[in-house]
Amino acid sequence: MNLFEHYYLTKDRILDILKNDGIIVFDTSALLDLYYYSEDSRNRIFKNVFPYFENRLWLPAQVYFEFLKNKDTVAAKPEKTYMALLDKDNRDMGYVPKLVSTVTKFEKDTKELKGILTTLKETTIREDKHPFLEQEIFEPIDRAVDILKEQMEAFSAKVEDFQIDITQRINDKILDLSSQGDEIQDQIDEKFKIGEELTYEQMTQISVDGRRRYEEKIPPGYMDQEDKTGLQKYGDLFVWMEILNHASECGKDVILITNDVKEDWVDKKFDRKPRFELLKEFRSTTQKNFWMCNMKDFLYLANEVIDEKNRIPEKVMEDVDEVSNQLPEESDDDAVIREMVSEWMDTEAAVIIDRLLPVDSNWKVFGNNRIYNGIDYRGEEWIVLAHLVEKFDYASILHALTNLREIKRDYDQLGKEYYYSQLIILKDKASADKFMKKVKGNAKLSSMFSNVYVQNTVLYMMRGRLFFVDANHAMG
């Protein structure tokens, strides 16, 4: 075994840990994601996979605490997705009221069409006054409008019945979800052993060393120091220390199942393998082996060691993969930006923003970006990048103009076809004017802005809305 493989385990060595007596640890992200899987997927994991690792499934007390703290909020999200179908104020969902309002508008337009036709006939009926038209010319369109009006009234009645039926069905689903017990917590309580809780004194002691580790960006946990306060910012470090202590006490190898992809756990430049510092610290502390993988990879590996009859089917893998590719909840700032972008794209390009996309580690994008998927009235898909300009140096402006080209290049290589729109957003009108002055004052930047491969639109924010400054394409 070479020095590299001493730390970076081969697949065979990982399988040996799974086959033998290695400890399987789940973190909070992996546990909470269970709520997003379909019932069938969860049941297969609970009944086919967990029993194979009986007495080897273990949770740090910090993970169990965070799970209990967050599970009710996460568990309620499936109910909210049903509620959103009926919410007329939900721009991204609200499909039932959107359907009803669209049909109501069609019915109103049909009545208005009949009125316009009647007025036209009355205006042209007198032979002794211009304009005059022979009235037989109106007979075909008269019959067609009458048929359309009758069909529209019948269709509108069907839509009313549909609205009643689907509302009842959705409410039944919500009621069914709200009345269910928490099977996931029951399974965790039954199948997992819970580690001993750290004392307050142990936590404060770890936090003292944590400050030094975070300053030097020693994993894990330093990515939490900006958005968490007090001891909360050391949550991941508490988990890590519990894992080290437990592995030392029982003398076992450990596989950590986590869907956390932050850089203080995984090396994004090295195929998202565990950070070397974690592998080194674990080996030095316990004299045992440590590895990490996400839920999907864990299930693929488990399939190679469990009985053939219990193997997880591909549809479950797809379900798990779909959940792992979803982004976390948007922050308040994200929601405000999304609202402004949605309004702008809907009004100016008839594009409905569908969802926020994860930033692929292969994309060479820089700065403050939000990337969205959208769809227009023709059914064509769009990639919309909102770039918030914060600096006016050459490199920052260059990134603002090239970020979406990088994403387009990647999708083109994958054979995916989209329309592309890049919204370059400034905080106010003065900043937007300054940005455009710098762009037009530099031949290379000006050429990039005019590039027709993507739509570039420069906007500024005011009172929660976006206002136009310049673009490389026709507006409206």
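Guide: Let's start at C250, which counts as partly exposed because its relative accessibility is 31%. The scale here runs from buried (under 20% relative accessible area) through partly exposed to exposed (over 50%), using a 1.4 Å probe and protein chains only. Before going on: this is a predicted model, where local features need pLDDT of at least 70 and side-chain atom pairs count only at pLDDT 80 or more, while totals for chains, interfaces and linings use all residues. Residues are numbered from 1 along each chain as its sequence is written, and side-chain values use heavy atoms, with hydrogens and water left out.

With a cysteine in hand, you'll want to know about sulfur pairing. Searching the whole structure turns up zero disulfides, a disulfide being a pair of cysteine sulfur atoms within 2.5 Å. C250 is in none, and the nearest cysteine sulfur to it, on C293, sits 18 Å away. Seen from the other end, C293 is in no disulfide either, its nearest cysteine sulfur being that of C250 at 18 Å. C293 counts as buried, because its relative accessibility is 10%.

Now let's look at the loop between α10 (200-215) and α11 (235-250), where P220 is found. Helices here are DSSP runs of H or I with at least four residues, strands are runs of E with at least two, and the numbering goes from the N terminus. The peptide bond from P219 to P220 is cis, with omega near -5 degrees. This loop also holds K217, a residue other than glycine that has a positive phi of about 55 degrees. K217 is at 45% relative accessibility, so it counts as partly exposed. For background, most residues other than glycine have a negative phi, and most peptide bonds are trans.

There's another cis bond to check, this time between H130 and P131, with omega about 0 degrees. P131 lies in the loop between α7 and α8 (139-179). Helix α7 itself covers residues 95-123, which makes 29 residues, and it reaches 41 Å from its first C-alpha to its last, close to the expected 42 Å. That expected span is 1.5 Å times one less than the number of residues. If you're wondering which side chains of α7 are tucked away, the buried residues are V96, V100, V103, E107, T110 and L117.

One more positive phi sits at N55, again not a glycine, with a value near 70 degrees. You'll find N55 in the loop between α4 (39-49) and β2 (57-59). At 54% relative accessibility, N55 counts as exposed. P51 is in the loop between α4 and β2 as well, and because its relative accessible area is 37%, P51 is partly exposed.

Next, L279, in helix α12 (residues 276-286). It counts as buried because its relative accessibility is 3%. Setting aside neighbours within four places in sequence, L279 is in contact with Y7, Y8, P274, F290 and W291, where contact means heavy atoms within 4.5 Å. Its C-alpha is separated by 50 Å from that of R463, 184 residues away along the chain.

Zooming out, the domain assignment gives domain 1 (11-60 + 195-310) and domain 2 (328-471); such bounds come from an automatic or database assignment. Their C-alpha centres lie 37 Å apart. The chain has 18 helices and 13 strands, and its C-alpha atoms fill a box of roughly 105 × 60 × 40 Å along the principal axes. Of the 476 residues, 42% count as buried. Among contacts between residues at least 6 apart in sequence, 68% join residues at least 24 apart. The chain exposes about 26800 Å², with carbon and sulfur atoms supplying 50% of it; the areas come from the Shrake-Rupley method with a 1.4 Å probe, and for residues only the protein chains shown count as cover.
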